[in-house]
Amino acid sequence: MNDKVKRNRPTDETADTTPIVRMERVNKHFGELHVMRDIDLSVAPGEVVVIIGASGSGKSTLIRCVNGLEPFQSGRIEVDGNTLSPNGASGKSLQAVRTEVGMVFQQFNLFPHLSIRDNVTLAPRKVRGWTRQQADDTARRLLERVGIIDQADKFPGQLSGGQQQRVALARALAMEPRLMLFDEPTSALDPEMIGEVLDAMRELANDGMTMMIVTHEMGFAREVADRVVFVHNGQIVEQGPPAALFDTPQHDRTQAFLSRVLKH
């Protein structure tokens, strides 16, 4: 599928255009390894930003810093009006970010001893303080949305990898986040299961969800992204609309990367 996903976004000119994510000169080290170098990046409400690059380039670290899973050493990150401090300082801002940002990882990270329904309802009940009925109603709606309502009473071990990843997506959405982060959500899946997860993500993009996606699925990136960001050695080398970046990349490093991943 090569057609761009059509967004269902509000056309109200008074809609807030303040960036949901703002990163300013963010630096991150793992010991002597400098994995993020003066990262400047903003994400607008409703925007889908896809981050690409070779393994080890710093893309996953970048989005993990956005929700406070990784501390950073210098710079500034603001998420939905909450400022994250360097060096992993905790506090109300970190708690607010964790509440308002959903994340889907490479691994599913489901609780194996809980049913699919209970995996989805746990956080809204514990964090949001919802009643069991509120959480159950939301879980039913989201499991229907990702196409696995018939699996609600099963346990994660009884589902395929693609089904488990869609449960992880429903679980993240159950918190009604303002921003969704995806860290290579299809990399642990068998090829035949990748499509069903990407289809669920396409629907989110169509609905106007603000998303930051790290992926190696270049066709998907071209289809859903408003902007593609190419990261190399911890730096943003080039970014732009997918048609421009994929068809006429300006930087030689971008050209070299795309020539490798698109040659087939």
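**Close-up 1. Leu 181 and its bridge partner in strand E8.** In this predicted model, Leu 181 has Met 212 of E8 as its bridge partner. Strand E7, residues 179–183, is joined to E8 by five bridges, and the two strands run parallel. Follow the chain onward and you will find that E7, helix H6 (residues 191–206) and E8 form a right-handed β-α-β unit.

**Close-up 2. Strand E3 alongside E8.** Here, too, the pairing is parallel: four bridges join E3 (residues 48–52) to E8.

**Close-up 3. How enclosed is strand E8?** Because five of the five residues of E8 (residues 210–214) are buried, the strand is largely enclosed by the rest of the structure. Thr 210, Met 212 and Val 214 lie on one side, with Met 211 and Ile 213 on the other, and both faces are covered.

**Close-up 4. Helix H3 and its kink.** Helix H3 has 13 residues, 116–128, and at 1.5 Å a residue it should span 18 Å; its end C-alpha atoms are 19 Å apart, so the two values agree. Do look out for the kink of about 30° at Leu 122, shortly before the proline Pro 124. Just after H3 comes Gly 129, with a positive phi of about 75°.

**Close-up 5. The buried residues of H3.** Which residues of H3 are buried? They are Ile 116, Arg 117, Asn 119, Val 120, Thr 121 and Pro 124. Their cover includes helix H4 (132–145) and helix H5 (161–173).

Key
Residues are numbered from 1 along each chain as its sequence is written. This is a predicted model: local features need pLDDT of at least 70, side-chain atom pairs count only at pLDDT 80 or more; totals for chains, interfaces and linings use all residues. Side-chain values use heavy atoms; hydrogens and water are left out. The expected span of a helix is 1.5 Å times one less than its number of residues. The bend at a residue is the angle between axes fitted to the seven residues ending there and the seven starting there. Buried means under 20% relative accessible area, exposed over 50%, partly exposed in between (1.4 Å probe, protein chains only). Contact means heavy atoms within 4.5 Å. Two strands pair if DSSP finds at least two bridges between them. A crossover is right-handed if, with the strands pointing away from the viewer, the path from the first strand over the helix to the second runs clockwise.
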